[in-house]
Every structure is written in structure tokens, then in C-alpha cells.
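Here is a short briefing on one protein chain. Please look over the sequence and the 3D view before reading on.

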Amino acid sequence: MNPEQLLHQLQHFPLFTTHQLIILATAASFFLYHTYRRRVAGFYLLDFSCYRPSPGHRAPMAFYHERLHLENIHPDATSFQLKILEKSGFGEQTGIPESLARTPIQNGVSFSTEEASTIMFQVVSNLLKRTDTNPKGIDLLICNSSMFAPTPSLSSMVVSKFRMRSNIKTYNLSGMGCSAGIISVGLARDLLKVNPGSLALIVSTEMLGLNWYTGENKSMLLTNCLFRMGGAAVLMSNKKQDQGISKYELQHLVRTHRGKDDNSYSCVFQDVDEDKKLGVSISKEILQVAGGALKANVASLGPMVLPYSEQLCYLVSLTGRKGSIYVPNFKRAFQHFCIHAGGKAVIQAIQKNLKLNDEDVEPSKMTLYRFGNTSSSSIWYELSYVEAKGKMQKGDHVWQITFGSGFKCCSAVWKCNQSRVITRDNAWVDDIHLYPVAIPATAKISES
């Protein structure tokens, strides 16, 4: 008997009408779908570790004042960089690699390799110890550094140091900018989909020593002022048994690329200046470009996370005559926000566009103040801040937002799986009681 004949007979059976059969079939479909979902493992974040520069790497503002004068830089370039630093929102504890602390500055490949080793080996070692993970148990390894891509690769350096097994799958991402942290999470998720029962290790960092700009182009001098030493390691799993011990579960990941627009593509660009000196220029239009990228990203993410009432208000505002567009209340979807600490102006612009309060952006501002812009790893310092403050609760949702050259905007949404997130070995644990602090609009730099 074929399905059509069976359905025909059931329709004439007195206990079932066509309407009842449809309801029954729909209910059965939902039951089977949710049963399948429960059996399929998710993507779990077991733990993560952030690099904490030693006191010897500390770069107080007075150090930069002295450094700029010792390097015999043109007075106009010196004055410009000092003004940027005074308005940067940085504190006195940010770190730089040893190569930048030397006189003259040493920016060779060997120094950047040493910088990479210092950061990556510390965060990976701490993470493996914290999670009691054997390095040979790692199945997938992803390393990202936008500006430093040596041979052998960064991932090979990690494999060699920790004696990982020979059939480990390794990947190296470069040129992806500050958004590479979430891009690496996306790559790990996609790889875990086709590698069941696996562990994925992500290492996000950026090397500063090789990219110090020695010219006078103001758009390229910005990178000297805005970036600091940092990195993070993240351990993900798709093993069902790891759900109970994991800190977070990945809910959504949305990537937006605006490279088809010329202004977006060129707003962060590596090139040589008129004197053939290599540097990375940052356009004055970067805030506008970032705003457009965020708007496109939110348009894709919103329907996945916002309550229907917020979506309806937004749709109604699009058809209104007043011209004002309703900004959804994202605090109805998220309890915590980790906005890339790319700079004080970036954080303030996102805060305004999303109508967030000062407490919502506190993790981003304090990360910028304490550690500076650590590029792709900044979102993990921010999540670490939330944990150290004891604010993370089971069931809370976290929205990580990053921006990167190209131009890209990426979002990751995590759900907390633990009733109490343990903060031992947290990058903030020794001095979390000192934060938050009031950050002045301008901090005058005086020579030590």
C-alpha cells in the first residue's frame, strides 16, 4: 500500500479528519526535530585564557613621550602621536614587546617570532593546564595573526612546542584584521561539523614589533599609538559529554563583508608612504564604514535573537511617515556585550548606535584602559572582565562584536552553561577590585 492509499483510508476512518491528521503530522515533526536536536552535540567553549604582560613589558604614557623624542622623529609626527595617546583611553598598565622598548627599536623577524612565542606559549600552556587537556588530544588547531605570517607558520610553532600529534589539522589565518578572533571561531565551528567528537584550539594574537611605522604619514602613525601586546587561546569541543563542563555554547555566528565598497575596502590598508616606508593607514572614514558594516550585520543577526515584539516595532517604523527608525532593545536578547576595544571613539559610536548604557560597554572600556587594543583577542579580555566581576550567570547570553580590515563586521552569540563561572587564573583576577575607573577625555602626558 502506497502512502496516498494509506492517507485516503485514514481520512475515511471515523477517528481522524484531514485537519486532525495535519495537526498530528505537525506535532510528530516537531517532536522528531527536537529529539534529533537533543541528540546532536552543539559547539561548546570549554574555557579560554588571556595573555597578561609581565611588569617588564609595561608601557606607561611617559615611556612613549621619551621614546618618541629618542627616536628623533619629526616634531609634527611626535606632537600628533602624543595627542592621539592623550585621547586614547589607555591607562598606565598596557604592554609592548621587548623589541619596541629597545633603543633603537628592533623590528626584525626574529624579534617578532620571540614575541609570538612569548604570547602563544603562555596562553596555550595556561589553557591546557586549566582544562586538564593533553596536547595530543587536540584535533584541530587554528592560529590567527593579521600582520605576521612566518615560515614555519604560527600553528607549526605551537605544534612543535607542545609536541602535538602528527595527524592534527592545522590552519593559519592572516590579513583578517581585528575580526579574526570570531572568524577563527566560525572556522572551528565549520570544522567541528565534519569532525565529530573533536577538540579545536584557537590562538588569537597580533605582533607589534615588525609593524612599527617610522614615517610621518599621520594616517599610518595611528597604528603606533593604538595597538598593544596581547593574545588569547580558546578551547572548543563538539563532544556531547562536554556540554556539562563547558562554560558557553555557541548560539549564532554572523559575518558581514563590505569589500565590494571601495571606501570600506581601503579604510584600513597596508602600503608604503611617499618615502617608501611601510605602514598601515587608517582612514578618517573608519567610524562611518564600521557603522555601515554593523548595520548590515545586525540586520542579519536581529531576526535570530530579538523577540518578535522588537522585530515588529522595527518593521512598523520602516513604514512610518516620520522617518525615524526604531532601534531594537538588544538588552532583551543579551545580558552582556563585548564590543571590540578598537578605540575609545569606536566603543562610543557603537554604544550610541545600539542605545547601550555605560554599564553595558564597561567591559570594552576597561579592557581598552587596562590592556589597550590587543586586536583579535580583545573580545576575550572583555569576556574575562565580565567573569571576574562575577556578573555571568547560567543562561545569560553574550554578544561579541568585532571589526576588521576588508571591511568586516562579525558577531558571535554565546549562552552561558554554568551557574557560577570560575575565574581562577583570570587575566583580571589580581586587580579586578580596582575597576571600573573614570577615564578622562584627555590625559595629559608628562615626561618622566
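The notes below cover strands, nonpolar cores, a helix residue and a database record.

This is a predicted model, in which local features need pLDDT of at least 70, side-chain atom pairs count only at pLDDT 80 or more, and totals for chains, interfaces and linings use all residues. Residues are numbered from 1 along each chain as its sequence is written, and side-chain values use heavy atoms, with hydrogens and water left out. Helices (H or I, at least four residues) and strands (E, at least two) are DSSP runs, numbered from the N terminus.

- Two strands pair if DSSP finds at least two bridges between them.
- Strand β1 (residues 44–50) pairs with β5 in the antiparallel sense over 6 bridges, and Tyr-44 has Ser-237 as its bridge partner.
- Strand β4 (residues 199–205) also runs antiparallel to β5, joined by 7 bridges; here Ser-204 is partnered with Ala-232.

**A hairpin**
- Strands β7 (residues 268–272) and β8 (residues 278–282) are antiparallel and joined by 5 bridges.
- Asp-271 stands opposite Gly-279 in β8.
- The hairpin has 5 residues between its strands, and Lys-276 in the turn has a positive phi of about 65 degrees.

**Nonpolar cores**
- A nonpolar core is a set of buried Ala, Val, Leu, Ile, Met, Phe, Trp, Tyr and Cys residues joined through side-chain atoms within 4.5 Å.
- The largest one has 70 residues, and Leu-201, Met-236 and Trp-380 have the most contacts inside it.
- Helix α6 (residues 109–130) gives the most to this core, with 8 residues.
- Apart from this core lies another, of 43 residues, among them Val-289, Phe-334, Val-361 and Trp-399.
- Leaving aside neighbours within four places in sequence, Trp-380 is in contact (heavy atoms within 4.5 Å) with residues including Phe-48, Ala-232, Val-234 and Trp-414.

**His-65**
- His-65 lies in helix α3 (residues 61–70) and is buried, with a relative accessible area of 13%.
- The C-alpha atoms of His-65 and Ile-445 are 7.2 Å apart, although 380 residues separate the two along the chain.

**From the UniProt record**
- The unreviewed UniProt entry lists residues 12–33 and 170–188 as "transmembrane region".
- In the model, residues 170–188 are 47% helix and 21% strand, with end C-alpha atoms 11 Å apart.

Definitions and conventions: Buried < 20%, exposed > 50% of the residue type's maximum accessible area, 1.4 Å probe, protein only. UniProt positions renumbered as here; feature names shortened; annotations may be inferred.
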